[in-house]
Amino acid sequence: MKKYQSPDPFTGAREASGCAHMNDQDDPVTMILRLKDVRKTAHNWKTFQSGAAPGRIVIPSEVNIRDTRQIPFEVDPPMHGSFRALLDPWFKRPLGDEYRAQLGQQVNALVDEVLTKGVIDAVEAFSLCLQSRALTLLLNTDASEADTWIGWGTHVFRSEDDPLDKDKAGLLYDYIDEKINAASADPEGDLYSVLLAAEVEGKKLTHEEIKGIMILTFAGGRDTVINAVTNTISYFAEHPESLARLRNEPDIIGRAIEELIRYFAPLTQMGRVATQDSTVCEHAIKADSRVSLCWASANRDASVFESPEEVILDRKLNPHVSFGFSHHNCLGATHARQIMRVLIETLIEKVGSIDIVDFEENIEQLGEFERKVGFHRLNVHFHPRKC
Ligand code: EMZ
């Protein structure tokens, strides 16, 4: 098997019954595996809510490590829509020319740097740096903040020996409290200040609401972006001809981005809590129990995607759900797609080949399933393109 590959552990269960069960801290989850059912359930927010106890829709559940509701993703309509109306314009800024140019400078500098080095760990020395530096653009905050965030490692709630690390989460909460207070005393053009000045449904946001938005901005786009970037590096390391192809056919870069995001599905699943007894693909779901929308499985559904196990760079029909589906679609998707675009454009221009020296996979344990979501370590050597 190639090192970039992320085999689908769900095929059998998806085809046989469409559902699977996993336990998570004694709060079991019915995993929904087929694309059609995932979409239908995501759409039905009245029966499958996001606004349950803070942290409960996340798998593994974060109820024991946080009380702050992440906004907008743990809020249901109609309030959800009001928050999105406020946040969407800000999170679409990555489409602007200046934002793109700044992101381009960051990625160019990083690629230039790794090209002068020998073997580096792509997770720490590339993806984590890229994600953290790019986040300063999304927040419109000082570039030097990235150094602090890099120090936190790849996941803000998880550490090496603890999948739910309360102390580490506390670091992030204290940091955000401090930043909101600083922006309140001396507002600048950053996201904290914008939120402090904003109103939703005619009311100013509370400190707790701003904190919830900021936690999501930090946590939701961190390991996901890091996994997408690292997996992409591993793919191009083993497919130098794909880099060459994208160089010759830049028109397919958009499709290639969607395909890499479909295949790697950086976020395996997201939960919902049933508000009443119901059924999903003939499985009974009890009120107050959890279901999960398994994006990673839905993306490999052979009834929708032709040869789902293959990366087909110019795949035409690609209704993947890696960024979620329906009203809760990913707020950071524009930023994430722009990172992928700038990354690919820079690799095409500067990099001839990448060697994988050694690696350690990041495998998630999901009940009876094991899914590779990325790498803990990917030691690689970047070689410049010979013009
Ligand atoms: C939550 C989640 C959001 C959660 C869209 O995903 O990402 C996870 O990585 C975090 O742990 O708190 O933000």
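This is a predicted model: local features need pLDDT of at least 70, side-chain atom pairs count only at pLDDT 80 or more; totals for chains, interfaces and linings use all residues.

**Entry 1: the antiparallel sheet**

I began with strand β4 (residues 119–121), which pairs with β12 in the antiparallel sense over 3 bridges.

I then followed β12 to its other pairing, where strand β11 (residues 351–366) and strand β12 (residues 369–384) run antiparallel and are joined over 14 bridges. The two strands make a hairpin with 2 residues between them, and in that turn I picked out Gly367, which has a positive phi of about 60°. At the strand ends I saw that Leu366 stands opposite Phe369 in β12.

Taken together, these 3 strands form an open sheet in the order β4-β12-β11, with antiparallel pairing. I asked myself which strands stand at the edges. They are β4 and β11, each of which has a single partner strand, so one side of each is left without a neighbour in the sheet. The twist from one strand to the next averages 25°. I also looked for a helix against this sheet and found that α5 (residues 122–139) packs on it, touching β4 and β12, with a direction that makes about 65° with that of β4.

**Entry 2: the mixed sheet**

I next turned to an open sheet of 5 strands, which I read in the order β1-β2-β10-β7-β3 and whose pairing is mixed. Its edge strands are β1 (19–22) and β3 (48–49), each of which pairs on one side only.

Within this sheet I checked strand β2 (residues 29–32) and strand β10 (residues 290–293), which run parallel and are joined by 4 bridges. Here I recorded Arg290 in β10 as the bridge partner of Val29. Helix α2 (residues 35–43) packs on the sheet and touches β2, β3 and β10, and its direction makes about 120° with that of β10.

**Entry 3: around the ligand**

Last, I listed the residues around the ligand, which are Glu62, Arg66, Gln70, Phe73, His155, Phe157, Leu216, Ala219, Gly220, Asp223, Leu267 and Met270. Sorted by class, this shell has 6 nonpolar, 3 polar and 3 charged residues.

How much of the ligand does the protein bury? Taken alone, the ligand exposes 340 Å², and the protein buries 90% of that.

Technical notes:
Residues are numbered from 1 along each chain as its sequence is written. Side-chain values use heavy atoms; hydrogens and water are left out. A residue is near a molecule or strand if one of its heavy atoms lies within 4 Å of it. Accessible areas come from the Shrake-Rupley method with a 1.4 Å probe; for residues, only the protein chains shown count as cover. Ala, Val, Leu, Ile, Met, Phe, Trp, Tyr, Cys and Pro count as nonpolar, Asp, Glu, Lys and Arg as charged, and the others, Gly among them, as polar. Two strands pair if DSSP finds at least two bridges between them. Contact means heavy atoms within 4.5 Å. Axes are lines fitted to C-alpha atoms, for helices over the stretch in contact, and angles run from 0 to 180 degrees between N-to-C directions.
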